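Let's take a walk through this structure together. Have a look at it below, and then we'll go from one spot to the next.

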Amino acid sequence: MNNTVDPSLFYDNRARDVKRTGEGALGKDDFLKILITQLQNQDPTNPMDDREFISQMAQFSSLEQMTNMNKTLEKFIATQTDNKLVQNSHLIGKEIQWQPENSISDRNLETNIVKAVRLRDGNVSVQLDNGNWILVDQIKQISSGGKE
């Protein structure tokens, strides 16, 4: 039996083709390539143990599920960020009492009507009837009555 090794598989010949990811982490495609290479190059007289193979397949399955879950969570977070604006749109036309940034006491609350809501740099702010913009975090009370 003639055992020869394909020279293209030598490390020196493959090192130039190595692609690096930004994080330097292996992905599911890399894991699958390693597993296939391992199966193709195993010794036929001493094949991979069934338990080891099943364990590697379970790891691959877990990696794929975590990747899919990560993508789903990223979509969910993006949706929640977009919803901040919608969640605060009910404030339009409402009378609010709000605390100025330089005030340290709830006794110095100001009262205005909300005219608009905007999302900028991840922060939701409202435009008051006097034209000023304040962060929704400054709002202390919301009333249904307005002075329109």
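**A stop on helix α3**

Start with Met-69, which sits in helix α3, residues 50–88. Helices here are DSSP runs of H or I with at least four residues, strands are runs of E with at least two, and both are numbered from the N terminus. Bear in mind that this is a predicted model, where local features need pLDDT of at least 70 and side-chain atom pairs count only at pLDDT 80 or more, while totals for chains, interfaces and linings use all residues. Residues are numbered from 1 along each chain as its sequence is written, and side-chain values use heavy atoms, leaving out hydrogens and water.

Is Met-69 buried or exposed? It's exposed, with a relative accessible area of 51%. For these words, buried means under 20% relative accessible area, exposed means over 50%, and partly exposed is in between (1.4 Å probe, protein chains only).

Now step back. The protein chain has 3 helices and 5 strands, and along the sequence they run α-α-α-β-β-β-β-β. Of its 148 residues, 17% are buried.

Next, head for Asn-112 in strand β2, residues 110–120. Asn-112 is buried, at a relative accessible area of 10%. Leaving aside residues up to four places away in sequence, Asn-112 touches Lys-94, Glu-95, Ile-96, Trp-98, Leu-128, Asp-129 and Asn-130; a contact means heavy atoms within 4.5 Å. With Trp-98 there's also a side-chain to side-chain polar contact at 2.9 Å.

Trp-98 turns up again at Gln-138, which touches Gln-97, Trp-98, Gln-99, Pro-100 and Glu-101, again not counting residues up to four places away in sequence. You'll find Gln-138 in the loop between β4 (133–135) and β5 (139–143), and it's buried, with a relative accessible area of 11%.

Finish at Asp-121, in the loop between β2 and β3 (123–128). Asp-121 is exposed at 74% relative accessible area, and it has a positive phi of about 55° although it isn't a glycine.

Definitions and conventions
Polar contact = N/O pair within 3.5 Å; in protein donor to acceptor, adjacent residues only side chain to side chain.
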